Amino acid sequence: MTLRLAPRPQPTQPARFAHPEPTVERHGPLEVVGVDVPNAGMVDVRLLWPRGWVHERTSGVSELTSRLLATATGELDRFRFGCASDALGAHLEATLQSEATSLGVDVVAERLPDALALLLDALTTPDVSTAAVDRARAEALDQRRRLLADPNELGSETFVRRVHAGTPYGRGRSASSDALRAVTAEDVALHVASLRATAPTLLVTGDLATIDLLAVAAQVTARLGPAVTANGDLDMPDDGASNGQVPADGTVPADGGGRRVVLVHRPGAVQSVLVIGHPAPSRHHPDHAATGLGLAVLGGAFHSRLNLRLREDCGITYGARAHHVARRWCGAIMLRTAVQTDATAQALVEIDRVVAQLVAPGPTDEEVDDARSWLLQRTPQRYETVRHTADTVAAALGLGIGPEQLGVLDEQRARATTAEVWAALHRHLRRDAFTTVVVGDADRLADELGDGVHGPLEVVRAPPA
Amino acid sequence: MSAPTAAATRLPAATGDRAIVTHRLDNGLRVVVEEDRRVPLTAVNLRYDVGSRDEEPGRTGFAHLFEHVMFEGSRNVAAGEHFATLQAAGATLNATTSFDRTTYYQTLPSTHLELALWLEADRMGSLDLTEETFENQRAVVKNERRQSYDNQPYGDTTERLYALAYPAGHPYHHLPIGCMDDLDAATLADAARFHRRWYGPETCVLSIVGDVGLAEGIDLAERHFGGIPSLGGAPPHPPATLPPTMPAPTRDEVTARVPAPQLTIGLRVPRDDESPTHDAVDVLERVLGRGRGSRLYRALVIERQLVQPSTSLLRCGHLRGDATLLVARVRARSGVELGEVEAAIEEVLAEVAGEGITAGELERVRMMGHRAHHLGLATVAARADRYGQVMTEHDDLEHAFDTPARLDAMTLEQVTEAARRWLVPHNRAVVTHVPTPDPEDPR
């Protein structure tokens with residue numbers, strides 16, 4: 001038998017995906033958002049507070065609090081709490097992000113009342129004793145030590161500390177060791193009280209034909225009690241703007257330092273982790289969609305310019321990416337890769353050249369169309385399961401995007417022209433403002449990176465505490 | 001609220017009323033199609049029955065390197081075009097190589113299903129490599145090794161553990177990533193030979209799951225893969241047979257730039273053939289080391305506060321061709337010596353080996369297993385992968401759905417017997433990492 005291959009199929013155009021249309025109801029102080037996933041066996045319930053670590057007044061308190069929620073209650077120690085959760089087939093989780101906190105559970109639908117009761121126990125009667133806080137602190141310090149030994153995490157931490165210096169975002173993913181050591185049990189108790197006193201958004205994702213949303217809301221409000229108000233927080237400001245530290249207009253300027261290189265010494269490293277970028281507009285900036293398309297051309301998919309040059313042409317990396325880390329009140333453009341140590345200087349030159357060529361003469365129509373298609377046509381994957389759907393909607397709510405606006409970004413991406421993408425890149429991708437973080441072997445790299453081409457060199461030999 | 005007891009109800013059965021069909025083309029390709037119209041997505045998964053266990057001496061890492069070059073051109077597809085075409089079509093795609101198999105997978109809008117099948121058929125039936133593309137992928141794979149292993153704290157753990165637990169010459173003695181010298185030694189001629197030997201209809205299961213009709217899926221498979229010649233039979237895998245347990249403990253003690261002491265213990269256990277013998281080990285894994293209700297979590301994290309918390313202190317491997325490993329991997333809390341940690345682990349293992357587990361523990365594990373099974377089949381991609389696995393190993397699709405029933409049938413006696421047989425003290429390969437006493441490196 002000889003090989004016979006069918007002809008290449010003709011291109012087809014997929015139908016536009018319709019985003020879910022959540023229901024929104026008010027139940028006392030609670031906003032109840034329901035997202036229907038027909039025939040889903042599982043249900044996901046989350047309490048969402050638009051308050052994250054950028055809002056904390058005591059650095060590290062929200063991190064320790066999130067470690068203590070969903071792990072034990074006044075009655076159930078961690079072991080018994082774990083057994084109780086497992087016996088329900090449930091997963092309970094507290095999640096802390098820069099601008100949001102959530103406490104949630106996913107479970108088979110008929111066990112939701114018991115699982116939700118366990119979750120509400122965790123919120124209303126957490127173990128925030130001095131012993132529990134000390135243990136959480138010790139674990140957080142161990143985890144921080146572990147993160148900073150990872151060259152990727154160390155690169156990220158160094159990057160955000162430099163480009164967001166002077167704002168709460170400059171703290172990095174976890175609080176410093178000194179800050180964690182200073183948090184008291186009273187601080188944690190106050191923080192828990194402030195969460196309980198602030199009405200969360202209740203997000204319920206599952207087969208709404210079989211879930212009584214109001215009954216779920218009633219179960220929550222009954223446990224949270226009359227102290228819950230729509231604006232009852234004790235130690236946290238109303239929003240990122242009002243604490244006087246987080247810019248509110250979504251147009252965070254790049255720091256005025258110009259180009260610079262920060263070389264973090266990692267003795268004997270066989271690769272250099274590169275994190276390059278600068279502050280950028282927030283998620284709510286009108287250029288967000290166009291900027292995202294442009295960065296997808298630069299470093300989104302496999303066939304993006306950075307990946308093709310560094311991986312497929314030069315063979316000096318396993319992969320490269322460009323992101324717009326777009327938060328509610330702040331953002332950053334971040335290019336990432338890891339290259340073999342002896343190709344570090346070459347990689348920086350190549351990245352500089354690729355970025356320059358993207359900004360002028362700019363992306364082609366075909367590149368923008370490919371990036372648009374890549375971004376838009378993956379949307380259904382974000383709603384494939386209950387968990388995917390809940391993650392997508394919770395992320396949007398955390399960014400201040402209303403449940404009725406889930407499809408707006410896709411519409412903006414669909415409409416953006418190549419000229420608009422090019423203009424957005426001109427405005428927001430600025431080589432002259434690049435902070436270049438290199439986590440690698442300074443003994444091998446300091447001389448060649450000290451030539452000033454990418455800005456003045458700062459060598460950091462001791463990692464952050 | 002008091003701790004709820006495990007109730008009789010279970011997570012919904014994953015099988016449900018699935019519309020699913022299996023089919024074998026004349027050239028030997030096995031095809032699974034499942035129709036699921038809930039989301040306009042389709043997953044395409046090709047599982048080739050070849051992995052690092054099939055590599056020739058001096059060519060470690062080759063199966064994985066070859067996985068990379070499969071994206072570098074075929075008769076009608078230029079180098080790099082495969083990825084670019086599918087990503088522009090909104091696909092999420094990649095490939096993975098393990099000890100026992102190589103999998104190529106994509107999830108994409110269902111309107112592009114035929115495009116994915118055409119691309120996969122083109123590279124199954126033909127390769128069009130150049131020295132340039134081969135050299136490039138060799139360099140990329142070497143950087144993958146640096147990124148994932150050589151430049152990571154504890155990155156050598158698994159490589160050291162498998163080298164201890166499997167004797168030199170055994171197919172599982174080396175990891176799929178291979179070693180740099182062998183990657184350097186690979187040639188373009190090796191790639192052509194590897195493709196001719198292992199990449200054909202008889203070594204592959206094609207699974208199509210999602211927004212596709214059953215007849216449509218089979219027709220598309222026939223159309224695009226039916227013209228690919230058979231290999232003349234699936235080649236045999238190299239023989240691999242080990243004694244059921246390790247005869248004596250072995251150790252590898254490492255001093256390295258790591259942030260905390262780490263202890264890794266591997267126990268040889270029966271291969272994962274989804275039989276009751278292996279299922280009992282899976283139960284032990286969860287009782288001992290999965291979740292906050294496990295024995296190791298209780299002893300090491302909560303009561304003695306010796307190790308950093310993890311809800312996965314113990315993991316059972318899933319090697320199919322020979323014995324697999326049950327691996328405990330823990331990092332000590334600040335100021336804790338590894339000797340104390342190891343003694344505490346041994347105490348827990350001895351307790352279970354001597355006394356077995358409780359009915360409550362078995363019930364907890366059943367609930368965890370039901371949940372994992374349900375979530376493990378939740379996406380079209382996960383189901384396509386699972387179907388490829390069970391068809392490769394059992395040629396019986398029912399295995400994809402019988403995990404809950406097998407768990408329900410498991411008895412305390414079976415688990416206790418497994419503990420008695422496999423947790424014995426001599427059945428250990430141990431790797432320790434201790435931080436370098438370097439004053440310039442406080443990590």
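Trainee: In strand 11 of chain A, which residues point one way and which the other way?
Mentor: A:T435, A:V437 and A:V439 point one way, while A:T436, A:V438 and A:G440 point the other way. All of them are buried. A strand here is a DSSP run of E with at least two residues, a helix is a run of H or I with at least four, and both are numbered from the N terminus. This is a predicted model, in which local features need pLDDT of at least 70 and side-chain atom pairs count only at pLDDT 80 or more, whereas totals for chains, interfaces and linings use all residues. Residues are numbered from 1 along each chain as its sequence is written, chains are lettered from A and ligands numbered from 1 in the order in which they are written, and side-chain values use heavy atoms, leaving out hydrogens and water.

Trainee: Why is strand 11 of chain A called largely enclosed?
Mentor: Buried means under 20% relative accessible area, exposed means over 50%, and partly exposed is in between (1.4 Å probe, protein chains only). Six of the six residues of this strand, 435–440, are buried, so strand 11 of chain A is largely enclosed by the rest of the structure.

Trainee: What makes strand 7 of chain A a partner of strand 11 of chain A?
Mentor: Two strands pair if DSSP finds at least two bridges between them. Strand 7 (residues 260–265) of chain A has six bridges to strand 11 of chain A, and the two run parallel. One of the residue pairs is A:V262 with A:V437. Strand 8 (residues 271–280) of chain A also pairs with strand 11 of chain A, over five bridges and in the antiparallel sense. There, A:L274 stands opposite A:V438.

Trainee: How many residues of strand 5 of chain A are buried?
Mentor: Eight of its eight residues, 101–108, are buried, and the strand is mostly covered. Strand 3 (residues 42–49) of chain A runs antiparallel to strand 5 of chain A and is joined to it by eight bridges. In that pairing, A:D44 stands opposite A:D106.

Trainee: What do strand 4 and strand 5 of chain A form?
Mentor: They form a hairpin with four residues between them. Strand 4 (residues 91–96) of chain A pairs with strand 5 of chain A in the antiparallel sense over six bridges, and the bridge partner of A:L96 is A:T101.

Trainee: Which peptide bond is cis?
Mentor: The bond from A:A360 to A:P361 is cis, with omega near 15°. A:P361 sits in the loop between helix 11 (344–359) and helix 12 (365–377) of chain A. As background, most peptide bonds are trans, and most residues other than glycine have a negative phi.

Trainee: Moving to chain B, why is it called as compact as a globular protein of that length?
Mentor: Chain B has 15 helices and 11 strands. Its radius of gyration is 23 Å, close to the 22 Å that the globule rule gives for 443 residues, so chain B is as compact as a globular protein of that length. The radius is taken over C-alpha atoms, and the rule is 2.2 Å times the number of residues to the power 0.38. Buried residues make up 61% of the 443.

Trainee: Why is B:V390 called buried?
Mentor: B:V390 has a relative accessible area of 0%, which means buried by that definition. The residue lies in helix 13 (residues 380–394) of chain B. Its contacts beyond four places in sequence include B:E274 and B:D395.

Definitions and conventions
Contact = heavy atoms within 4.5 Å.
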